[in-house]
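Subject: Structure handover

Hello,

Here is the structure for you to look at. My notes on what was found follow below it.

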Amino acid sequence: MAKIGIYIELDKGTFKKSNRELLSLARQGGHEVCAVMFCADAAPYLDELKGVRTVIQVSGGDLSYQPDRYARTLAALIAEHRLEVLLGSCSAQGKDLFPRLAAMAGAGLVNDCLAVDPAARKAVKPVYSGKLLAEYQVEGGCALFTVRPNVIPVQPAAGAAPEVRAAAMDSGDTPTRIVEVIQAAAQRIDLTEAEIIVSGGRAMKAKENFAVLEDLAQALGAGVGASRAAVDAGFAASDMQVGQTGKVVNPKLYIACGISGAIQHFVGMKTSKVIVAINKDPEAPIFKKADYGIVGDLFTVVPLLKEEIKKVLG
Amino acid sequence: MNIYVCIKQVPDTEASIMVKDGKSINEANVKWIVSPYDEYAVEEALKLREKLPGSKVTAVCLGPERAQNALRTVLAMGADAAVHVESAAALDSWNTARALAHVIRADPGFGVVFLGRQAIDGDASQVHLLLAGELGVPAATNVLAFACDGKTARVEREVGGGAREKIEMAVPCVVAAAKGLNTPRYASMMGIMKAKKIEIRKVPLAETGADEGQNRVRLLKLSSPAEKPQGQVISGEPADAVRELVRRLREEAKVL
């Protein structure tokens, strides 16, 4: 049995699905679980946190994300509560916060884990863009792990209600200072955490044509991605790129439209639970990697798919 | 400003990677390149030098003997000097950061230190922030926009869903580049010729204090992931194929 901390990330007050995944992981094996959350009042979230021994509610002062303050607060809590392991999500914030915390706490960190054994301080993560898997063990101190979203199956929260303890937010210097957060013009789904992704490749032919994918994505509640070819051709923004030099995604359903399936792209989405390929070229390598394929022009198939989905999902 | 850029030599993105003896990869027939994110870092370093006259760009690389070629590439792109910490040791991210910090700290006038947001071999995604920790300076990662007047760096970083954080920090600082920051230049013929004449300064690993024996993260095993079984192509008229696809996604795969 180990004493495991979980860093609970809230998205504008919303309890993210990735938190449920981390809780499901930590609840296995009868560990003493301690959840840390930065919020004025943890009460609305306590149903989600059943089975956790202690909830540390960090409050007081400005709770907006400032990496220096968050990292110092967590480093102090690790020491005070003698946490042996701290888990977080490999989200944009997790990837920013955990390495800072590792530096500050003198702790070892493994990012982007697919599996974690907290008691053994071991984790498996993809390396070489997912071409290989590596198993690591963290020595001494508190072992830090960020876990890839959508990997750990969510178990319903069960167990006793946690005890809530208050902790003070660090209010020290912020040498790395976030002065503003600019929201996207249109609220887009974060691809690294999306459950469904519709992606377009070179065959999209033009930026305007991504509207076809946007329509399907809207019907599915999906995010929209792109291959490197589509990004380099200027059809899509670089933050939409899925693949080796873009984002690694892990949805339950990935629909690749007009994407040939170069290894560059494949390594960024290969862990998707189900891959669907729509491509005119029956020889496209993507068909070897997809679970389901339709050979056809995406501009014909995708609108039909959107209509069928709307019909079925109502 | 004394600008630094830390790079890593990695296998080409197209390379197929095979495990050798459980802990390393088979390097036969592997083509080595500068990690793509580091190329954005190099480009941004060169752009900053152009903006601040009198500046100098020094590239630093940790790796075995072959890593010199990566430094030659960066010199050919336009870097002024190169430092090679020669070591084939299996260092974790923290020890790597310590070795890089040792080289950079030796120059009390160091300004902005650029790196890629991750190297595409270990994908550890933390050396930049650990380096900032070792140097005791602020840092931003996943950076898509960068501006610096010599005293303050103003950056924008992507935080998912198209949102961006605007960050301000004093120089010296560490900046880790993402794709979209710039378009890296190609080395010119003149650059390649010039690069050949620059002497790469060698620093022994032992001098940096980094030590494999002190790794905080230890590699236990490398393995190849299980391959997915080949999928099925659904044939028929587009409308029928689509109907069948949706049925299977619901009933067979249960993802809708």
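**What was found**

In chain A, strand β4 and strand β5 (residues 54–59) run parallel and are joined by five bridges. Strands here are DSSP runs of E with at least two residues, helices are runs of H or I with at least four, and both are numbered from the N terminus. Two strands pair if DSSP finds at least two bridges between them.

This is a predicted model: local features need pLDDT of at least 70, side-chain atom pairs count only at pLDDT 80 or more, and totals for chains, interfaces and linings use all residues. Residues are numbered from 1 along each chain as its sequence is written, and chains are lettered from A and ligands numbered from 1 in the order in which they are written.

A:F38 stands opposite A:V58 in β5(A). β4(A) also pairs with strand β1 (residues 3–8) of chain A, in the parallel sense over six bridges; there, A:V33 in β4(A) is the bridge partner of A:I4.

Between the chains, strand β10 (residues 132–138) of chain A runs antiparallel to β14(B), with six bridges joining them. A:Q137 has B:R218 in β14(B) as its bridge partner.

In total, 76 residues of chain A are in contact with 64 residues of chain B, contact being C-beta atoms, placed from the backbone, within 7 Å. On the chain B side, α7(B) gives the largest share, 10 residues.

Regards

Key. Contact = placed C-beta atoms within 7 Å.
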